[in-house]
Amino acid sequence: MNAAIGILSLLTLGADPSPLRIESSDDGRVVTVVADFEEGQLPTQTFPRLTARQGEAIFTFRLVDEMGKLGAPIFGDYRRVGSQIRFKPRYRLIPQYDYLATIHATDGQSVSLNYRVPKRPALPPVSVEKVFPSSAVLPANHLKFYIHFSKPMREGRAIFDRIHLLNEDGRKVLDPWRRTELWTEDARRLTLWIHPGRIKTGVNLREELGPVLQPHRRYTLVISPDVQDADGQRLGRRFAKGFETTLADRKRPQPDQWQLHLPLIATRQPLEVKFGESLDQALSQRFLEVRDSKRQLVAGRIDVGKLEAGWSFVPKAPWANEAYRLAVNPLLEDLAGNTPNRVFDTDLTAAAQSPPVLILPFRPR
Amino acid sequence: MLQVRVVVLVFGMSLATSMVHAGQVVKETKTGTPPIKSINVLSFAPEGVLLIGDGSGSQIVVIETGDDSARPKLKQPIADIDAKMAARLGTKSDGIEIIDMAVNPASGTPYFAVRKQDDKRHLILTVDAQGEIREFALNDVPYARVRLKAGEDNISRITDVAWAESKIIAAGRSNETFASKIFSINAPLNHDSAGSVYSAETYHVSHRRWETKAPMSVLIPIRENDKTYVVGAFSCTPVVKYPLDSLKPGAQVKGTSVIELGSGNRPIDMFVYKKNGKPFVLANTFRFHHKRRPFGPSPYWTVKFEQGLLGENKAVNEKAIRRLEGNKPVTDKITMVETFHGVMQMDKLDDFQALALRQNDDGMSLEVLALP
C-alpha cells in the first residue's frame, strides 16, 4: 500500500503537535489512526493487541453524521507499538463521509482529529449491457429476464421497485416480480423472475390478479436510473426494452426436432444447432455438451446464437472421424420454464408424455 | 431474510422434549476462518451452534459459537438499530442491509447477518442486553461445512435452514433454473463430509390437476404421529408439509397444502410457541400487494394460527382452511396480530416474548414483544 500521511484538522485541546494523525491509502478509504501517548499514559499491562473494549476506552474513531451526531466506535483492530496505539478500521471508509478520532484522557481532557474521506474519482456511470432474452417476441407465460450490468450492483430488495413493466398505455403492471434477489456472485447479473404465482395455472395469485402478461400485447421492460451500483452511483440513464407477446407456450423443448449442421472432419468448424425456438440464454451456455465416442467431454467454445434460438460449438482440437453425441441436460428451459422432461405446469389429467430424447448422436462429415 | 426457530412437536398436543447434547450437532470441526461467500440465512441448533446458509458458496456452515449459557436479555427497545449497526461499520443506514436475524436459544442473544453494501462484505453482529453491538468474528472459530449439490445444477441461494431433531434441513434454489431443493443433512456433522446429504425436488399440485415445482421460502420441522414433516411456506401459495423421510437422493417430493394464508404475501419467519398450554405458530410476511390491498399500516404483517391445523390430513389442498374469503376473515383459528405490524424479522426470545426488527416511519427498531 502506498501510504501517505494526512492530518486534516486539529479540533480541540491537546498539545501541539497533535498526538493524533491518520495514515491513509491513496483513495483514503483504508486508514490507520495513530495516537501518540506520553510515558506513563498507557497502562503498563497493555498488550500489543488490545481488545475492542480496552481500545475503545483509550481512543475511538467514529462516524459523524449530517447533523454532527457521533456514531458508536467503529470496529477495528487496536495495536500498541511502543508508546503508540494504532487503530485500523476493519471495513473500508466511505468517500466524502466525516469521521472523528478522539483520545479519551483520564483527566477528562480529550483530543480529537476530524477526517473526511476524499471524493471518489469520477468514473463512467454504470450501464445496462445486455438483457436476455434478446427477442422482442416473448410467450405470455415468459418466466425470467437476465439483466447484465457493467459494474457490480448494490444488492437489496429496492431493486424490485426500480424495474417496471409498462403496458401499451405506458402504465405500470402492478407487482410483476418475484421479490427474491438472485444475483451472480459478482453482482453484475440479476435474474429477474416474473412472479411464478401469476404464471402457474390454478394458483390463487393468478386467479385473483390474473397473469402479468396477456397474449398479443405490447410491453416495455424499464430499468429506472435510480438503480444503484455497489458504490451507490446511479445508473447513467433509463433503460427500456420493448417486446410483444404471443400465446402462452406450454410445450416441452424437443431436442429430437433440433436441426444440426455438421462440421467437416479434420477441421475446427462449428457444430451448429438450431432449436426452432428461443431457449434460456444462461442455461444454453451450461446445459449442452459434446462428448466423443468414449463419452469423454470434448473441450471447446460455446456460443449461444441469435435470439438464443441456436447454439454452436467450436472444438479445441479438430473433429475426428468418429461418433460424437450432443448431450442435453433435462433441466434446460425454454422462455416459459418448460424443460425436455416436463412443461412448467404439468396437467395431471393429460396423457403421459413420452420420455425426452436427450442424446443427439452425430458424426462430422 | 428468512429464518425459523427449531421446534420439535408431537401432535398429540404434548411437546416432545428432545435432549440434545454437545457434540450431537457437530462431531468434528476445523478451527479457522470458514470460507463463507455470502450469508443468506441464519439459524441455531442446540448448544449455541450457529447454522449459516451460504448460497454463493453452495454450503451450510456450522459454527460452535461457545455462546451456550443464558445471558440477560434485551429489555428496552433500540431505536434506529440499522443506523447504529451501520455506524459501527463506518457507514450510514443505507450502506448496510440486515439480511437475517436469529436468536441463540442457549443464551438469548440475537445474531444478525449484515451485508456492507459497497464492498459486499458479509458479517455477523450481536446485540447484548444493554444494546451494545458487537461483531461475531468469523476468524479462528471451530466450524464444519457441508457442501450442497442439487443434482446437475448449482444452488445459488439458501432460502432457509433449520435444526430438526437430529438433522439439519435446508431449502435452496438455483439462480437460473426453476429448480428448488430441500436438503436433509444427518448429524453429527464432520467437516467437509458429503455422504450424509440428501436432496429432493419439491412440487405442489393445485386444483388436483396442475403440478409445478415450488421453491420453498421458509421451513420448520414438525412431528406428527411419530413422523417428522417439513412444513414450508411459499410465496403466494399455501403452507405445505412434506414427510422428512421422503427426502432421498433424486426424489421428487409432493407436498400437501394445509393452510391458505392468502395471496400477495411473502412469508419471512415462522416459529412455534405455546400460549396457555396450547401450541401456536407465528409467521410474519411481507405483503407485496400492500398498496393495492393493505392488511394494515405496514406491508409487514404477522399471522398467528393454531399449530394443530398443520396436522390436518383430510381438509387439505383445495379444501385447506383459508384465512380469508375475499377480504373477510372466515376463521378464528388464523388471526392477524396487530401488535406485530411492521415486523420485518423476528424470532422467539423465550416462552413469553419474541424479538422483532420492526420497520417504523423513520427507520428500524429492535423490540421485545409479548407473544400473542
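**Entry 1, the model.** I am working from a predicted model, and I keep that in mind for everything below.

**Entry 2, the sheet in chain A.** I looked up the strand order of one sheet and found an open sheet of 4 strands in chain A, ordered β12-β17-β16-β14, in which the pairing is mixed. At its edges stand β12 (137–139) and β14 (163–166) of chain A, and because each has a single partner strand, one side of each is left without a neighbour in the sheet. From one strand to the next, I noted a twist that averages 35°.

I counted 1 helix and 32 strands in chain B. The chain has 372 residues, of which 55% count as buried. Taking contacts in chain B between residues at least 6 apart in sequence, I found that 58% join residues at least 24 apart.

How many residues of chain B are in contact with chain A? I found 44, and they are in contact with 46 residues of chain A. On the side of chain B that touches chain A, the elements giving two or more residues are α1 (81–88), β8 (110–116), β10 (133–135) and β17 (210–213) of chain B. Sorting that side of chain B by class, I recorded 20 charged, 16 polar and 8 nonpolar residues.

Definitions and conventions: Residues numbered from 1 in each chain as written. Chains lettered and ligands numbered in written order. Predicted model: local features only at pLDDT ≥ 70, side-chain atom pairs only at ≥ 80, totals over all residues. Pairing = 2+ DSSP bridges. Axes fitted to C-alpha atoms, helices over the stretch in contact; angles between N-to-C directions. Contact = placed C-beta atoms within 7 Å. Nonpolar A, V, L, I, M, F, W, Y, C, P; charged D, E, K, R; others polar. Buried ≥ 20, exposed ≤ 12 C-beta atoms within 10 Å, placed from the backbone.
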